[in-house]
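This report concerns the structure shown below.

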Amino acid sequence: MSTASSQDDAPIYAPFFGVMGAASAIIFSALGAAYGTAKAGTGIAAMSVMRPELIMKSIIPVVMAGIIAIYGLVVAVLIAGSLEKGKYTLFMGFAHLGAGLAVGFSGLAAGFAIGIVGDAGVRGTAQQPRLFVGMILILIFAEVLGLYGLIVAIYLYTK
């Protein structure tokens with residue numbers, strides 16, 4: 001009787017949802033990071049033609065976009081590490097799918113925000129240096145959106 005309930009709790013397809021959660025975490029957060037890097041990098045390239053001395057100062061949005069991918073990587077590795085044949089329940093699979101989607105989509109949104117703000121911010125900073133502090137503050141607010149997804153994902157992962 002215990003084997004039947006054990007099989008009902010951990011069907012053979014349960015790990016599929018966990019694997020999809022891990023894949024979603026890294027795919028969507030990496031997409032956000034890539035977009036943020038590309039968009040902010042375009043702004044840096046355009047700005048550096050006129051003000052090459054500001055290149056290193058303007059790298060901040062690119063670094064912040066890269067951090068978004070780390071959030072997804074952390075969650076994907078946690079989920080992948082908990083996959084175990086025969087002991088992975090359907091509830092765990094659903095919770096891990098939710099965790100992966102939470103960090104992935106919030107990372108995608110944060111990457112879009114960082115890219116757009118970074119592009120406009122570095123171009124604007126080249127014309128008006130006092131804009132730099134404002135740009136950094138807005139980038140922090142955009143980055144924290146990805147951090148919110150990481151917090152929710154870790155909370156779901158531990159359920």
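## Annotated domain spans

In this predicted model, the end C-alpha atoms of residues 20-79 are 10 Å apart. That span is 82% helix and 0% strand. Residues 97-156 are 95% helix and 0% strand, with 9 Å between their end C-alpha atoms.

Both ranges come from the UniProt record, an unreviewed entry, which lists residues 20-79 and 97-156 under "domain: V-ATPase proteolipid subunit C-like".

His96 lies in helix H4, which runs over residues 90-127. The relative accessible area of His96 is 2%; because buried denotes a value under 20%, His96 is classed as buried.

Apart from neighbours within four places in sequence, the residues in contact with His96 are Gly18, Gly21, Ile79, Ser82, Tyr88 and Tyr157.

## The largest nonpolar core

The largest nonpolar core comprises 27 residues. Those touching the most other members are Ile68, Val75, Val103, Ile114, Met135 and Leu139. At least two residues of this core are supplied by each of helix H2 (14-48), helix H3 (60-82), H4 and helix H5 (131-157). The greatest contribution is that of H3, with eight residues.

For Leu139, when residues up to four places away in sequence are not counted, the contacts are Pro61, Met64, Ile114, Val117 and Gly118. Among them, Ile114 is, like Leu139, one of the core residues that touch the most other members.

Methods. Residues numbered from 1 in each chain as written. Predicted model: local features only at pLDDT ≥ 70, side-chain atom pairs only at ≥ 80, totals over all residues. Heavy atoms only, no water. UniProt positions renumbered as here; feature names shortened; annotations may be inferred. Helix = DSSP H or I, 4+ residues; strand = E, 2+ residues; numbered from the N terminus. Buried < 20%, exposed > 50% of the residue type's maximum accessible area, 1.4 Å probe, protein only. Contact = heavy atoms within 4.5 Å. Core = buried A, V, L, I, M, F, W, Y, C linked by side-chain atoms within 4.5 Å.
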